[in-house]
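Please look over the model below. The numbered points start with the terms and then turn to the helices.

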Amino acid sequence: MTIASFDHLGLVEPLRRALRDAKYETPTPIQAQSIPHLLSGRDLLGCAQTGTGKTAAFALPMLQLISEAKLPLRRNAPRALILAPTRELANQIGDSFRIYGRHLRVSHTVAFGGVSIVHQIRAMSRGVDVLIATPGRLLDLMNQRHVFLDKLEIFVLDEADRMLDMGFIPDVKRIIAALPQKRQTLFFSATMPDTVKGLANSLLRNPVPVTVSPVSSTAEKVEQKVLFVDRDNKETLLLSLMKDVSISRALIFTRTKHKANRVAEKLNKHNVIAEAIHGNKSQGARMLALKNFSAGRARVLVATDIASRGIDIKGVTHVINFEMPMEPEAYVHRIGRTARAGAAGIAISMCDGEERSILRAIERIIKVTIPVDAEHPFHAAHLAHGPARAGGGPRRFNNQGGRPFRPSRPQGNRSYASR
Ligand code: AMP
């Protein structure tokens, strides 16, 4: 079912006005399917990733429900809580509340670690309607008795699968234990592995299930290609790619923080203005890098997977995988940063000899064979056609980041892949 406008979802005029201001014309599928149910107080189980419009799907009804109740602010006791795995995502959700709530009187604040807690404590003691927080900082605030959740009315858990990947589930469970039984709960996850499903079942009551944009369909919107290249030639290949002026806003992915810095330095040295973001940078430095990139002052943003999570920057023309991701699912998250809102996007993956098995694992999950671009000066023909690693299946990685852990090569079992 497509809904042609926001006029029939039950949203009040101040919200529709804000949507007109933001130039949103048509609700996205998750918005059309969720908003009426959320307005009626139902729980929601949303299987959706960033880029689907899921933030507005929960923010709009929350703003409406909170503003309609017209209750006075309570000190240290927010009425709604949104838990997000990263600071960037928390900030973006905060921005969305500001944009959609501009004609309503609903207050919100964002709380995450890595910055001074003092302002967050002050905001809580003044009282806010909606608290948007990362789990660690929220627990700090709760332990220091600056936040009490026993009166909470609406709880949103965003990107539950990332929470799991990042090891936040014990923190999340501690927070959940402090919530009142009677509440409205909204649960979002891009993927639904069993642990995430179990968590959802324990939290939700008779939820409306909404699934949009399965992993493979996001990948289908993006024009993808793979460039086989020896590892030592990757930097030179990247510099030669960047001569293409149609690459006006590129997000480049590396596996490690060190590599992200190195690639950004190399590009800058060759007059391609680049910023890098990763977990070792301070919050201020990350925000500045993002600002420079989204304002067009930097043509390139080099990022690691975790740092890039949830970042929504408009007009990314190209995603370049300087290194293939450690997990095949991360490929889908990476390339989903381009081709937003129907725009065309291109994803270029550089694949060296060690990365071919992860490439095959990616192709299995996206159910697409990524076309090979051999028309570049560093094409490594031996990789495109040569023998694959023994064993064939997805490679196993250690948890330290960077180098893959390779099981010892079984003898006498050489398999040949098509590439
Ligand atoms: P999200 O999936 O919430 O991260 O949203 C992805 C992007 O889509 C954000 O930049 C939103 O501002 C934008 N967006 C969300 N809903 C709509 C809509 N109905 N029309 C146009 N843009 C939208």
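1. Buried means under 20% relative accessible area, exposed over 50%, and partly exposed in between (1.4 Å probe, protein chains only). Helices (H or I, at least four residues) and strands (E, at least two) are DSSP runs, numbered from the N terminus.

2. This is a predicted model: local features need pLDDT of at least 70, side-chain atom pairs count only at pLDDT 80 or more, and totals for chains, interfaces and linings use all residues. Residues are numbered from 1 along each chain as its sequence is written, and side-chain values use heavy atoms, with hydrogens and water left out.

3. The chain holds 17 helices and 13 strands. Of its 419 residues, 54% are buried.

4. Start with helix α1 (residues 13-21). Its residues L15, A18 and L19 are buried. They lie on the same side of α1, because their arc around the axis is only 100° (taken from the directions from the helix axis to the C-beta atoms). Their cover includes α3 and α4 (87-100), where contact means heavy atoms within 4.5 Å. Just after α1, K23 has a positive phi of about 65°.

5. Next, α2 (residues 29-39) packs on α3 (residues 54-69). The angle is about 25° and the axes are 9 Å apart. Axes are lines fitted to C-alpha atoms, for helices over the stretch in contact, and angles run from 0 to 180 degrees between N-to-C directions. So α2 is roughly parallel to α3 (under 35 degrees; over 145 is roughly antiparallel, 65 to 115 roughly perpendicular, the rest oblique).

6. Which residues make this contact? From α2 they include I30, I35 and L38; from α3, F58, L60 and L65 are among them.
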